Amino acid sequence: MHWLIGCLAALSFGLFSQVDDDWGIIEPIEVIAPIQQQPASFDAFWKEHGYAKLRHQVAIGSPFSDTQIENNVTLGISEQWGQTQWVLEAKHSTRWMHRDYTQTTPNGRGTHHTTQFSQALYLNQAYLVASPLKQVSLSLGKQAHVWGQLDMASPIDMFLPIDINPMVIPGLKATNRRPQTTAKLTLYPTPKVEISGYYFPTFEESKWIPSVDLSNAFTTIGADHTLVKKRLPSKHKQSSSALRAIWYAPSFTTAVTYYNGFNTLSPIMKPLKL
């Protein structure tokens with residue numbers, strides 16, 4: 001009798017242990033070695049956030065009397081923090097020019113040579129971009145802007161300063177656009193529509209304009225012979241603004257721009273009566 005009770009107890013324990021088992025199927029355990037974190041280095045940071053650009057230009061004048069060589073090296077860093085991005089970009093430019101010319105003096109006619117070398121290092125861009133909302137973007141700082149869909153030139157280029165290189169015809173305007181101090185607000189109401197507002201607090205012109213020599217620039221207006229002088233905006237009235245709307249259609253892109261400011265591509269002239 002005791003033997004029968006013991007067998008029934010053992011059988012019931014085995015059945016309930018199979019039904020109530022919560023261990024499941026035990027899978028083989030795979031041991032993975034821990035990943036060793038690489039020490040921080042400038043090389044790793046540069047590969048992730050840095051960029052570099054090099055532009056080399058050579059111009060030879062006719063009849064091979066002028067030779068100019070220009071090199072531009074641009075180094076930049078872009079960092080992203082959540083919905084905020086900042087960009088720093090420095091630029092170093094060097095220019096070498098050799099000129100042969102013929103000069104006639106009382107002692108006779110001779111050939112002369114002149115050689116000039118110049119270089120400059122400056123902060124090209126420094127701005128911050130934030131996206132407080134999904135369809136809103138705000139950028140502040142010194143940044144370059146490209147308006148118009150054509151790569152070489154657009155009718156509205158006169159409103160934004162371009163670093164025109166006098167030695168050669170400029171290439172893509174995206175590489176020749178001079179950065180400006182700007183506050184820019186962009187809205188994206190739909191995936192194919194972009195509306196941007198610009199505020200330029202100071203008047204900035206292309207860097208080649210100050211080199212234009214107007215000491216002997218004369219013009220005739222009616223019967224008056226006048227000397228042309230450059231006229232700049234007053235210190236308290238240098239700001240300008242713009243509003244630009246772009247529609248990215250399936251087969252074309254169209255834009256409308258309203259600009260309230262100055263013509264920055266050509267010198268602002270004021271004729272003075274002699």
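## Contacts and overall make-up

Of the contacts (heavy atoms within 4.5 Å) in the protein chain between residues at least 6 apart in sequence, 55% join residues at least 24 apart. The model is predicted: local features need pLDDT of at least 70, side-chain atom pairs count only at pLDDT 80 or more, and totals for chains, interfaces and linings use all residues. Residues are numbered from 1 along each chain as its sequence is written, and side-chain values use heavy atoms, with hydrogens and water left out.

The protein chain has 3 helices and 12 strands (DSSP runs numbered from the N terminus: H or I of at least four residues, E of at least two). Of its 274 residues, 25% are buried (under 20% relative accessible area, 1.4 Å probe, protein chains only).

Apart from neighbours within four places in sequence, A242 contacts W147, S196, G197, Y198, Y258 and Y259.

## Second largest pocket

The lining of the second largest pocket (an open set of 1 Å grid points with protein on both sides within 12 Å along at least five of seven lines; lining residues have an atom within 4 Å of a point) comprises 23 residues. Nearest its centre lie K184, T186, Y188, E194 and S196.

Strand 5 (136-143), strand 6 (180-190), strand 7 (193-200) and strand 10 (240-248) each supply at least two lining residues; strand 5 gives the most, with 4.

Notes:
Buried < 20%, exposed > 50% of the residue type's maximum accessible area, 1.4 Å probe, protein only. 1 Å grid on protein atoms, 1.4 Å probe; cavity = no way out; pocket = protein on both sides within 12 Å on 5 of 7 lines; lining within 4 Å.
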